[in-house]
Amino acid sequence: MTEIKWWQRAVFYQIYPRSFADGNGDGIGDFQGIISKLDHLRDLGIGGIWLSPHFPSPYIDCGYDISDYEDVAPEYGTLADFKMFLDEAHARDIRVILDLVLNHSSDQHPWFQESRSSRDNPKRDWYIWHDGKNGSAPNNWASIFGGSAWEYDAVTEQYYYHAFLKEQPDLNWRNPEVKAAMWDAVRFWLDMGVDGFRLDAVATIYEDLDIPDHTFPLSFDEIPDPNSLETADYYHLMEYQVKRPGLHALLKELRTLIDQYPGDRILVGEDEDVTFHGSGDDELHLVFNFPLMRLKRLTPMGIRANQTLRLTDLPDEAWPCNTLNNHDASRVWTRYGDGQHDAALARLHAALMLTLKGTPFLYYGEEIGMVDLKLTSMDEIRDTAALNLYQRMTQKLGKTADEATEAALLATRDRCRTPMQWNSSPEAGFSPSGSTTWLPIHPNHETGINVADQIDDPTSLLSFYRAVIQLRQATPALNTGDYQVLDAENTDCLIFLRQRTEVNQTCLVALNFSEVNQQIELDRDEKTAHVLFSTEMRSHTVDTSASINLSPFEILIAELA
Ligand code: NOJ
């Protein structure tokens, strides 16, 4: 790849609009709130925002059930507020990509309301309708959120298909009118100046036309938490519901559409399959490295294996993309903390994201060390998938109410969607004083896990993120260089080079994942490396021809002379 694009250089930051900043005191985040916090992102060094859905929605799946693709949820503001947000972000050199939910709409969308009204409505074929079989669903397909993927609609006595919740009917992408309407929505936002889209649930856009029964022995109904499945099993379970022919052609069409716009607009796929890059440059620009995020523990061996596989599989022209958390997953600190070295591990994982080859996506609050909040009662849960899990466990899996409650409280995605912690006040600076926030705030905002307490503390996690992002952005090799493993069998330390030949720059990254000192032998000819960053007090140079002592959990970044 010759010309380096903005989206390869940028560090992205995911904003969950409901939880970022509440400007009007209704306990729900909004655009005026986000605008008031853009300086935080600029100072952090963020170059791109991924905004989770901001569209009108009944919020059965927290905005991933859209009832109007060309407007703004009233609780978040107006189109004018959105435009102001976009302009203010651009003024700070921050691009904005939106969440584009192609697979399904809300059942409250006028398209679906029309579609369900009669069998001969012109929009009937905009969704997937079938007759039942022997008095029940058309086949044994399951929904990703549990239960049958088919919902009976008494008005027209047919079933409609939903890969996710029953309130999220799948659009029929084989109908050219659906495509035209969606491409209109895409143009609507591109015309306004947005810089691209994160494509929700790419794999499920088409399903098998003949709707054959799955032949696997187990259905989603028998799996307590389908989200915990390995991808291969997951796709096996959904064989006829995912990655059907036509998908690559559709993504190419969308790519052609966005390429008509100036300014390198981008498409980021919510999938890990590198074939979604197409030939490398004609489908999606970025595809998440979810296998890295799914590793139960991040170890040097695991990370190396992941990188080797990932970078080998990537088509020539394609660019990698790494992330460790998002609104569907447990937060990074919760997942990888060991209760003893959490602060050091948080830095190590941040350094990993910011030094690996590829565009990093951070999740709001990660920069201050926010952790999952375990809710205490069922009535606090807002995530319908968790409520469904409770139903499934009590009604189908024979679990007691207590067992199902515990499982739902553990699995609910609310755990990682709590309000951003801006300060230590009762509302954490998320909402004005006296507001009731839509999800509870993590109590640790009172004990240092907030922006205000960390901002001027040079030893804070926030200062660490700022420093490493700044270094990454100022150092071409770290930002967009190639990746080369050193000391490939080392089980304690991850050591690699990042190299940009055009500017003749090579950086050494050495991360000690262990809690004890480690001696590393690099045996390099260059000998001297200038230390760019270290979590330890070090002299200005290290000798890479001699052994280097890494302190416990040390992060060392140095430029080879
Ligand atoms: C993936 C999104 O990340 C998730 O939050 C949502 O529930 C499903 N797609 C359905 O849109």
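The model is predicted. Helix 13 packs against helix 14 at a crossing of roughly 155°, and helix 4 packs against helix 6 at about 55°.

**Ligand surroundings**

- In Asp200, a side-chain N or O atom is 2.7 Å from an oxygen atom of the ligand.
- His327 places a polar side-chain atom 2.8 Å from a ligand oxygen atom.
- For Arg198, the distance from a polar side-chain atom to an oxygen atom of the ligand is 3.1 Å.

**Helix 13 and helix 14**

- Helix 13 spans residues 384-395 and helix 14 spans residues 401-411; their axes come within 9 Å and cross at roughly 155°.
- Because angles over 145 degrees count as roughly antiparallel, helix 13 is roughly antiparallel to helix 14.
- The crossing of these two helices is right-handed.
- On the helix 13 side, the contact involves Ala386, Leu389, Tyr390, Met393 and Thr394.
- On the helix 14 side, Ala401, Ala404, Thr405, Ala407, Ala408 and Ala411 take part.
- By class, this contact holds 9 nonpolar residues, 2 polar residues and no charged ones.

**Helix 4 and helix 6**

- Helix 4 (residues 79-91) and helix 6 (residues 176-192) have axes 11 Å apart, at an angle of about 55°.
- That angle makes helix 4 oblique to helix 6.
- Leu79, Phe82, Lys83 and Leu86 of helix 4 meet Phe188, Trp189 and Met192 of helix 6.
- The contact of helix 4 with helix 6 has 6 nonpolar residues, 1 charged residue and no polar ones.

Note on methods
Residues are numbered from 1 along each chain as its sequence is written. This is a predicted model: local features need pLDDT of at least 70, side-chain atom pairs count only at pLDDT 80 or more; totals for chains, interfaces and linings use all residues. Side-chain values use heavy atoms; hydrogens and water are left out. Axes are lines fitted to C-alpha atoms, for helices over the stretch in contact, and angles run from 0 to 180 degrees between N-to-C directions. Helices (H or I, at least four residues) and strands (E, at least two) are DSSP runs, numbered from the N terminus. Angles under 35 degrees count as roughly parallel, over 145 as roughly antiparallel, 65 to 115 as roughly perpendicular and the rest as oblique. A crossing is left-handed if the near helix is turned anticlockwise from the far one by less than a right angle, and right-handed if clockwise. Contact means heavy atoms within 4.5 Å. Ala, Val, Leu, Ile, Met, Phe, Trp, Tyr, Cys and Pro count as nonpolar, Asp, Glu, Lys and Arg as charged, and the others, Gly among them, as polar. A polar contact is a pair of N or O atoms within 3.5 Å; within protein, one must be able to donate a hydrogen and the other to accept it, and residues adjacent in sequence count only if both atoms are side-chain atoms.
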